[in-house]
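Good morning, colleagues. Please keep the sequence and the model in view.

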Amino acid sequence: MTAEPLLVVEKLEVVYQRAITAIQGVSLKVYPNQIVALLGTNGAGKTTTLRAISGFLGLDDARVTEGTVTYRGIHLENREPYEVTRHGLSLVPERDKVFPNLTVAENLAVVPGRRGRSNRRMLEQVYHFFPGLKDLRRREAGLLSGGERQMLAVAAGLMCDPEMLLIDELSLGLSPVAVQSLTASLVAIRNELKISILLVEQSAVVALEIADMGYVLENGRVVLDGDAQRLLNHSDVQEFYLGHTGGDRRSYRDVKQYRRNRRWYG
Ligand SMILES: Nc1ncnc2c1ncn2[C@@H]1O[C@H](COP(=O)(O)OP(=O)(O)O)[C@@H](O)[C@H]1O
Ligand SMILES: [Mg+2]
């Protein structure tokens, strides 16, 4: 890739409550117009990484203690969320994605724009990518299905007029049909708006199918990274995420351990 990366995370360490080190030495890059998958099981450090990039660390009493986050060369570590948003990054969080007591239209109306572009223009764009939301615009968000709520969350992220979307757990708890529709929308958003996407996912298949690159986190460290297609075909990913050899291994590290043991004893 010849272009400069937009987002560069380098040797990032985040500590909660001055005591709990959640991630260590995490490095990743997102290039313009790329979809990058950040994979890992529960507790691997995916949300912490997104929080560190987007500035949402304070609420959880966490801090970046080592390493850097730069966007277009500008340092973002330990900045406030509004500053990060102003630079063009928009977070779709894991929880509390929408205001349940507001309608769909109201949820979209309360998002502040970034570049002074009219709210109405952005809204047209959002309804173009999520036509279903237009039909549901008078519905209270609390009454939406899981898939519709996720659509609304991504749509609200788009209303910020970002250059890069950071999406935490796209497919968790959703039906395959809903996931299919969402991933198709993400690809369209990337293709038509030239927005880059950092996509946190527990499902390697869902993410790597639409991603250009992927990173696998385990216990707060990157254990595997590379081209999405290569990762999808990687024996470790197949074994651990796609269960191609069966067994009940608990972590990527166990797989590695297992493979080492097999080599030694097998
Ligand atoms: N608010 C918090 N306070 C203390 N530790 C936390 C907090 N949030 C997450 N952690 C810890 O940080 C590690 C990574 O968590 P997280 O980033 O949420 O992982 P993931 O999103 O991959 O499931 C876990 O060990 C988790 O227990
Ligand atoms: Mg998480």
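Which residues around ligand 1 come nearest? Of the 14 residues around ligand 1, they are Gly43, Gly45, Lys46, Thr47 and Thr48, where a residue is near a molecule or strand if one of its heavy atoms lies within 4 Å of it.

Some conventions come before the details. This is a predicted model, in which local features need pLDDT of at least 70 and side-chain atom pairs count only at pLDDT 80 or more, while totals for chains, interfaces and linings use all residues. Residues are numbered from 1 along each chain as its sequence is written, chains are lettered from A and ligands numbered from 1 in the order in which they are written, and side-chain values use heavy atoms, with hydrogens and water left out.

Let me return to the ligand and its polar contacts, meaning pairs of N or O atoms within 3.5 Å; within protein, one must be able to donate a hydrogen and the other to accept it, and residues adjacent in sequence count only if both atoms are side-chain atoms. Gly43 places a backbone N or O atom 2.7 Å from an oxygen atom of ligand 1. For Thr47, an N or O atom of the side chain is 2.8 Å from an oxygen atom of the ligand. Asp60 has a polar side-chain atom 3.2 Å from a nitrogen atom of ligand 1. On its own, ligand 1 has 560 Å² of accessible area, and the protein covers 71% of this; such areas come from the Shrake-Rupley method with a 1.4 Å probe, and for residues only the protein chains shown count as cover.

Which elements give two or more residues to this shell? They are strand E2 (20-30) and helix H1 (46-54); helices (H or I, at least four residues) and strands (E, at least two) are DSSP runs, numbered from the N terminus. H1 gives the most, with four residues.

Helix H1 is also mostly covered, since nine of its nine residues are buried, that is, under 20% relative accessible area, with exposed over 50% and partly exposed in between (1.4 Å probe, protein chains only). Among these buried residues are Lys46 and Thr47. After H1 comes Gly55, with a positive phi near 90 degrees.

I turn now to helix H6. Residues 146-159 form this helix of 14 residues, which reaches 20 Å from its first C-alpha to its last, close to the 20 Å expected at 1.5 Å a residue, the expected span being 1.5 Å times one less than the number of residues. Why is H6 described as largely enclosed by the rest of the structure? Because eleven of its 14 residues are buried. Its cover includes strand E6 (89-92), helix H3 (104-109) and helix H7 (176-193). H6 is followed by Asp161, whose phi is positive, near 60 degrees.

Helix H3 contains Asn107, which counts as buried at 4% relative accessibility. A polar atom of the Asn107 side chain lies 2.8 Å from the backbone nitrogen of Phe99. Beyond residues up to four places away in sequence, Asn107 touches Val98, Phe99, Leu102, Ala141 and Leu152, with contact meaning heavy atoms within 4.5 Å. Leu152 is itself among the buried residues of H6.

Finally, the chain overall. The protein chain has eleven helices and ten strands, and 48% of its 266 residues count as buried.
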